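Subject: Structure hand-over

Hello,

Please keep it open while you read.

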Amino acid sequence: MLSDVGSEVIRRYDVLNTIVQPNDVPFYGIPFPGFFLLDEDGVIVDKIFNRHLAHREGIERILDSFRGRIEPGSDDPSGSAREDDGIEITAFVRGGGGVLKLGPLRRLVVRFELPHGLHIYDRPVPEGMVATSIEVTGPDGLRYDPIQSPPTVPLALPGVDQPLQVWSGTVDFVIPFFANSEFARALFTNDGSVALEVNVRYQACDDEQCFLPKTRTISLDVPVEFGVMPAFAGMKDKSPNVVGMDSTAHMQRLFQRKAAELDSGSS
């Protein structure tokens, strides 16, 4: 832990939380939560930062970044569908050992395994063709960030004015998501897991022909647990991780120190 008076180190590393404004006492000066990933020579090779501490990434995100690829863990919820065209589609939840809790980010990975010579399309596509799309449905209280798609490559087709953007080989689409407070109802009423449905629509083509568009649904059974919770009455029966959260004395000292900094700055 670093006591960074005046946020000098935070500013030098360019991780000052710009969402928190100077008049937001006592929180101004804090960093965005995240990680710097260093190699064995101490060189920063990646950084992973989030907007909010409650939505921080898990250790799996760091390991995947270090390896340069996403590998599902043995406990990660997963499902797959294999088509007669040889395309295999797999969906799995990455992060937190595959367990969903309130707050922390998880990643839903939808992986296409395309046989050699086949490709699928990104938007835009000419009329009559179908671009790849992914939709996820689940319980209330789940919030999904925009899909993170890998780079495409241009493909020129006869009779089409502009090159189309396509994917081929192994293609990973990543959807970061998290459970907010509205999801707590599902934690109290579920039987230890919730269902996610991943609806995928795509059209595969080779260099000579396009196949009919297809829609596939992959169902995932995702374990859910309470995280660290305040020691309210009854919570010990719901979560093994309950702690006292009376931080009044600490907050009072923090407010006093920040107020003194503001007074000295205005004078």
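**Around Tyr28**

Setting aside residues up to four places away in sequence, Tyr28 touches Arg11, Leu16, Val20, Gln21, Pro22 and Lys258, where contact means heavy atoms within 4.5 Å. This is a predicted model, in which local features need pLDDT of at least 70 and side-chain atom pairs count only at pLDDT 80 or more, while totals for chains, interfaces and linings use all residues. Numbering starts from 1 along each chain as its sequence is written, and side-chain values use heavy atoms, with hydrogens and water left out.

Tyr28 sits in the loop between H1 and E1; helices (H or I, at least four residues) and strands (E, at least two) are DSSP runs numbered from the N terminus. Thr18 is 10 residues from Tyr28 in sequence, and their C-alpha atoms are 8.7 Å apart.

**Overall**

The protein has 267 residues, of which 37% count as buried. It contains four helices and 16 strands. Among contacts with a separation of 6 or more, 58% are between residues 24 or more positions apart.

The average pLDDT (the predictor's confidence in each residue, from 0 to 100) is 85, and 89% of the residues score at least 70. Confidence is highest in strand E7 (residues 133-137), with a mean of 97, and lowest in strand E15 (residues 229-230), with a mean of 54.

**Pockets**

The definitions come first. On a 1 Å grid over the protein atoms alone, a pocket is an open set of points, where a 1.4 Å probe fits, with protein on both sides within 12 Å along at least five of seven lines; lining residues have an atom within 4 Å of a point. A cavity is a set of points where the probe fits but cannot get out. Points are joined across faces, edges and corners, and a volume is the space filled by probe spheres set on the points.

The largest pocket holds about 1,400 Å³. It is lined by 37 residues, and those closest to its centre are Ile10, Phe27, Gly29, Ile30 and Pro31. Helix H1 (8-12), strand E1 (34-38) and helix H4 (248-266) each give two or more residues to this lining, with the largest share, five residues, from H4. By type the lining has 23 nonpolar, seven polar and seven charged residues. Here Ala, Val, Leu, Ile, Met, Phe, Trp, Tyr, Cys and Pro count as nonpolar, Asp, Glu, Lys and Arg as charged, and the others, Gly among them, as polar.

The second largest pocket holds about 200 Å³. Among its lining residues are Asn50, Arg61, Asp64, Arg107, Asp145 and Val174. Helix H2 (59-67) and strand E11 (170-179) each supply at least two lining residues, and H2 has the largest share, with three. This lining splits into four nonpolar, three polar and five charged residues.

**Helix H2 and strand E5**

Glu60, Ile62, Asp64 and Ser65 are buried in H2. The buried residues of this helix pack against E1, strand E2 (44-49), E4 and E5.

Strand E5 (residues 106-113) has seven of its eight residues buried. Two strands pair if DSSP finds at least two bridges between them. E5 runs antiparallel to strand E4 (residues 88-94), joined by seven bridges, with Arg94 opposite Arg107. E5 also runs antiparallel to E11, over eight bridges, and there Val109 stands opposite Val174.

**A four-strand sheet**

E9-E10-E6-E13 is the order of an open, antiparallel sheet of four strands. Its edge strands, each pairing on one side only, are E9 (153-155) and E13 (204-205). Strand E6 (residues 119-121) pairs with E13 over two bridges, and His119 of this pair faces Cys205.

**Lys214**

Lys214 belongs to strand E14 (residues 214-223). Its relative accessible area is 14%, so Lys214 is buried. Apart from neighbours within four places in sequence, Lys214 contacts Glu83, Asp84, Asp85, Val200, Arg201 and Tyr202.

Regards

Technical notes: Buried < 20%, exposed > 50% of the residue type's maximum accessible area, 1.4 Å probe, protein only.
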